[in-house]
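Dear colleague,

Please read them with the sequence and the structure open beside you.

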Amino acid sequence: MKKTLVFLMALCLIISLSANYCLSAGPASTKYGDLNADGKVNSTDYTLGKRYLLKIISEFPISNGSVAFDLNGDSKNDSTDLTVLKRYLLNIIDKIPVGTDINSGVQKAIYQAEDATLYKAFEETVNAGYAGRSYVNYDNEPGGYIEWNVTVSNSGAYKLTFRYANGASNNRQMEVRVNSNVVVSNLDFNPTSAWTIWNDQSIVVTLNAGNNVIRATGIAADGGPNVDYLEVSSTNETPLPTPTPTPKSTPTPTYAPITPPKGARQMENLDRGVVAVKVNNGVFVSWRMLGTDPSNIAFNLYRNGTKVNSSPITGATNYVDTSGSTSSTYTVRPVINGQEQPASKAASVWGQNYLQIPIQAPSSAYSANDCSAADLDGDGEYEIVLKWEPDNAKDNSQSGTTDNVYLDAYKLDGRRLWRIDLGRNIRAGAHYTQFMVYDLDGDGKAEVACKTADGTKDGKGNVIGNANADYRNASGYILSGPEYLTVFNGQTGAAITTVDYDPPRGTVSSWGDNYGNRVDRFLACIAYLDGERPSLVMCRGYYTRSVLVAWDFRNGKLTKRWVFDGNNNSGYNGQGNHNLSVADVDGDGKDEIIYGACTIDDNGKGLYTSGLGHGDAMHVSDLNPNRPGLEIWSCFESSGGAALRDAKTGQVIFRWNASGDTGRACAADITASSPGAELWASGSSLFSSTGKNIGSAPKQVNFAIWWDGDELRELLDGTTISKYGGGTLLSASGCASNNGTKSTPCLQADILGDWREEVIFRTSDNKYLRIYTTTATTNRRIYTLMHDPVYRLGIAWQNVAYNQPPHTSFFIGDGMAEPPKPNIYLVP
C-alpha cells in the first residue's frame, strides 16, 4: 500500500510540473473517472482533473469530459469530484457514487444525504467509506427523516437507490414518501455487518417533471440506517403504484380581507401560536391575541375536540386545564360577536417548559450563536434562523484567520430548511455579520439579507462571485476584494439578488486605523421609512466615520432609497453605538434610526446629534409614561456614565456621571415602588424614570424579560431568569449563553403563546436549541408583542453586534394604561 501511495504521489508531481500543453477533445469516455478514454481510472485521470480545476488546461482530451468528471452526479465539475476520485484511487471508497459505466441514455443524479433537510438526524464522519463530505446518522428513535428535493426533466419511472450502512444486528426499516405519498411503508435496510460496509437498497417510483420531494423516515425503535446518498436514475422498470392523494379542503378565513387603513404598517399574518405545557396541576395553555383582533374578542379552548371552558374566555389568553395530560391536544376558537370562528392549529403538550429543536453544527469547532425569528414559509408560524460561529472567531481588534460563518434555517419541528455558507471572505466575529430576517416585499414570507462576498454559497449550493477567490491577508483581515449585499429567499435559502455593498470599504485608513479594525464595524436594521412598508438599512462604522444606506426590496430587486454619510454631516461621526434601535421618535408615523448618541431621520437626514459619543448599550421605549414621547437610556465609553434623553430632541433629561468606560446599562420596570421604568448601569445605583436614586441596582445589567404573571419585567442574565428582590424563576440546566461576558441568549422574543416572552438558549453541546416558555398564569391581556412596531423591529436587530433586549413602543409595567391598538395590516 505504501508503494502504491508513493507511486501515485510521484506520478502526480511529475505530470503537474510538466510544461503546459493544449488538449483537443477526442473520443468519448465510457467510464466515470476515465478522463483520457484509455479504459482505466488511475493517477493520470486524477492529474487531468486537478489541472482542469486549476485552469492549467481548458478542456479534457475526451469529448464528454464534463460527464466523466461529474463523479457525484451534481452536474458540476468541482473540487468535490476531485476528492471523490482521490478517495477511490486510495481505496477509501470502493466505488464511484455515480457508478462505473457512462450510459448516455439514462438520466442519473446523486443527492448527498448531508445536503438534504434533516429531522432527528445529523451529519457524521465517524465511519469510513462514504462518498461526500459526510453521511447522515438517524437519532436512535422513530420519526427522524432525510428529505431530498429531486429534479428530473421528464415524468416517468425512476429508480431510487439509497446507499446505506447498518452495523447493527437488526433490520432498520424506513418509510419512503414521494411528494407526500407513501410508496413503501416498511422498506428493508438489512444489516451490512459493519458501519463501514455500504450497500444499496432500491425501489422504482414515478416522478413528475420538475421538482419532487423524497422523504425516508426511520420507523424502527432505534431509527434508520446511516445514509450516504440517494441516487436517482431513469429506468424502464415498472414503478410502484402511487396512491391518489386526498384533496385538502380550503380553510374558511377567520376574517374577510380588508383594505389597509392609510398609514398602516405591514405586519406578519400569524396563527394563534398555541402552546401547552404539563404542570403540576394539569396543563398550562396560552395563545396569541393579534394586534388586529377586535377589543371584544373572546376565546373557547378545546381539549381533544371537547370544549374546556364553561363560558368564553374574555380575559388574558392563558388557561390551566386541570384535567389535561401529556396525551392531550389543544385548539382555540375565537369568538366574535357571539359567533365562534374556525379552530387554530392543534398543539400537543410539552412534557417540560421548553421545546428542544435539533440542530446540525458544521463541525465540532462551531457554537450556535445569535438567532432571529420570522415566518419564512407563510404558514403563520415562526421559523428560526441561526448563525453558527466558529471557535476561532475574532473581535475586529484581533488578528488571525477565522473559519467560515454559516446561517441555518429551522422549523420548530427541527427540520432544517437550508444552510448558507458565507465563505472564506467573510470574517467571523460579532461585528461582521449582521443578518436581517424580515418580510421585505410583503409577500407573506420573510427574506434573509446580509453582507456576502466572493465564495458565499447560498442555500441551493450556488456560489456568489468567484468561488476560488481568497482575499484574506497575512493577519487574517479581509481588506480587499468585492463586497456584496445579498437578499436570500427565506424558504429555500436561494440568493434572489446581489448588489455591491454600500457603504463600500474605500480607503481602510479613512475609517480610523490602517489595520482593519474600524473599517469593518457593521450594523443593520429594518425601518418603516415611509411609515407603511419595511426598508433594509445597512451600516458601516461608528467610532469615527458613520455611514447608513437604506434599501427597498420590491419585485425581487434592491433599490437604494438614501445614503447618510457622517463625513457630510457635522457632529455625527463618532456618535454610533455597538448597536442601534428603530422607532418613530418624532410622531410623524415614519421610523428613525437611533444610532447611539445621534438619530437619523426617516428621509436620510440627520435629526440631531447629542455629542455624547460612542457607547455599548442602549434602550429605547416609553420609559417614563408620565411624559410625552419616547426616551433613550444609554451608557458611554469615552465620556463615561449614562444618560436618559428625550428620543425626539436628544435633550438630556438626567445623567449619571462616571469616569472611564461604562460598558453596561439596562432599563425596565422591575419594581412597583416608583412609576415608569427603572434605570441602572455598571457601577450605578438604581434610578427612577425621573432620575431619583431609589436604592441598590441589581447585579444583572444585560437583559430584561417579561416572564412571570405581573407586568413588571424580570432579569435575564446568562441562562438564569430572576426576580428583582426575589428568587430564581428559571435556571436552564444544560444550556449555555453567548458572546462572552455579554452572556446573551440566542434570542429573546414573544414567539409563542400570550404576550410574555420566550427565550432561546443553545445546549452546551451545541446539538439543540431550546425554546423556554413561561407557565405562570397572568391576568393581563395584551396582544402579541410581535404586532407592536418597535418590538417587532427590535427582534430583527437583536442579533446586531452587542445584542440588546427588545422594548415596546408603549409602557408595560406597574400601573400601565391599556395598550394602544397598533395601526397595522396583515400580509396575505
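Is Tyr-366 buried or exposed? With a relative accessibility of 7%, Tyr-366 counts as buried, where buried means under 20% relative accessible area, exposed means over 50%, and partly exposed lies in between, using a 1.4 Å probe and protein chains only.

Before going further, please keep in mind that this is a predicted model, in which local features need pLDDT of at least 70 and side-chain atom pairs count only at pLDDT 80 or more, while totals for chains, interfaces and linings use all residues. Residues are numbered from 1 along each chain as its sequence is written, and side-chain values use heavy atoms, with hydrogens and water left out.

Aromatic pairs

Rings of Phe, Tyr and Trp (its six-membered ring) are taken to pair if their centres lie within 6.5 Å, with planes under 30 degrees apart counted as stacked, over 60 as edge-to-face and the rest as tilted. By this rule there are 20 aromatic pairs. In one of them, the ring centres of Tyr-366 and Tyr-406 are 5.6 Å apart and the planes stand at 70°, so the pair is edge-to-face. This pair links distant parts of the chain, since Tyr-366 belongs to strand S22 (residues 366–374) and Tyr-406 to strand S24, 40 residues apart; helices (H or I, at least four residues) and strands (E, at least two) are DSSP runs, numbered from the N terminus. Tyr-406 is also counted as buried, at 16% relative accessibility.

Tyr-501 and Phe-522 make another edge-to-face pair, because their ring centres are 5.6 Å apart and their planes are at 85°. Tyr-501 lies in the loop between strand S29 (495–500) and S30, and Phe-522 in strand S30, so the pair ties together parts that are 21 residues apart in sequence. Both Tyr-501 and Phe-522 are buried. Elsewhere, one aromatic cluster is formed by Trp-148, Phe-162, Tyr-164 and Phe-189.

Two open sheets

Strands of a sheet pair through backbone hydrogen bonds, either parallel or antiparallel. Here two strands are said to pair if DSSP finds at least two bridges between them. Strand S30 belongs to an open sheet of four strands, in the order S30-S31-S32-S33, with antiparallel pairing. Its edge strands are S30 (522–527) and S33 (557–565), each of which pairs on one side only. Strand S32 (residues 547–554) and S33 run antiparallel and are joined by eight bridges, and Val-549 has Val-563 in S33 as its bridge partner.

Another open sheet, also with antiparallel pairing, has four strands in the order S46-S47-S48-S49. At its edges stand S46 (703–705) and S49 (728–731), each with a single partner strand, so one side of each is left without a neighbour in the sheet. S46 is joined to strand S47 (residues 714–717) by three bridges, and the two run antiparallel; the bridge partner of Ile-705 in S47 is Glu-714.

Lys-411 is found in the loop between strand S24 (406–410) and strand S25 (416–421), and Lys-411 counts as buried at 7% relative accessibility. Its side chain makes a polar contact with the side chain of Glu-383, at 2.7 Å. A polar contact is a pair of N or O atoms within 3.5 Å; within protein, one must be able to donate a hydrogen and the other to accept it, and residues adjacent in sequence count only if both atoms are side-chain atoms. Leaving aside neighbours within four places in sequence, Lys-411 is in contact (heavy atoms within 4.5 Å) with Ile-357, Asp-377, Asp-379, Glu-383 and Leu-417.

Gly-291 sits in the loop between strand S14 (282–286) and strand S15 (298–303) and is buried, with a relative accessible area of 3%. Not counting residues up to four places away in sequence, Gly-291 touches Tyr-783, His-787, Lys-821, Pro-822 and Ile-824.

Helix H5 (residues 789–797) is mostly covered, with nine of its nine residues buried; among them are Arg-792 and Trp-797. The buried residues of H5 pack against several strands, including S22, S30 and strand S34 (576–583).

With best regards
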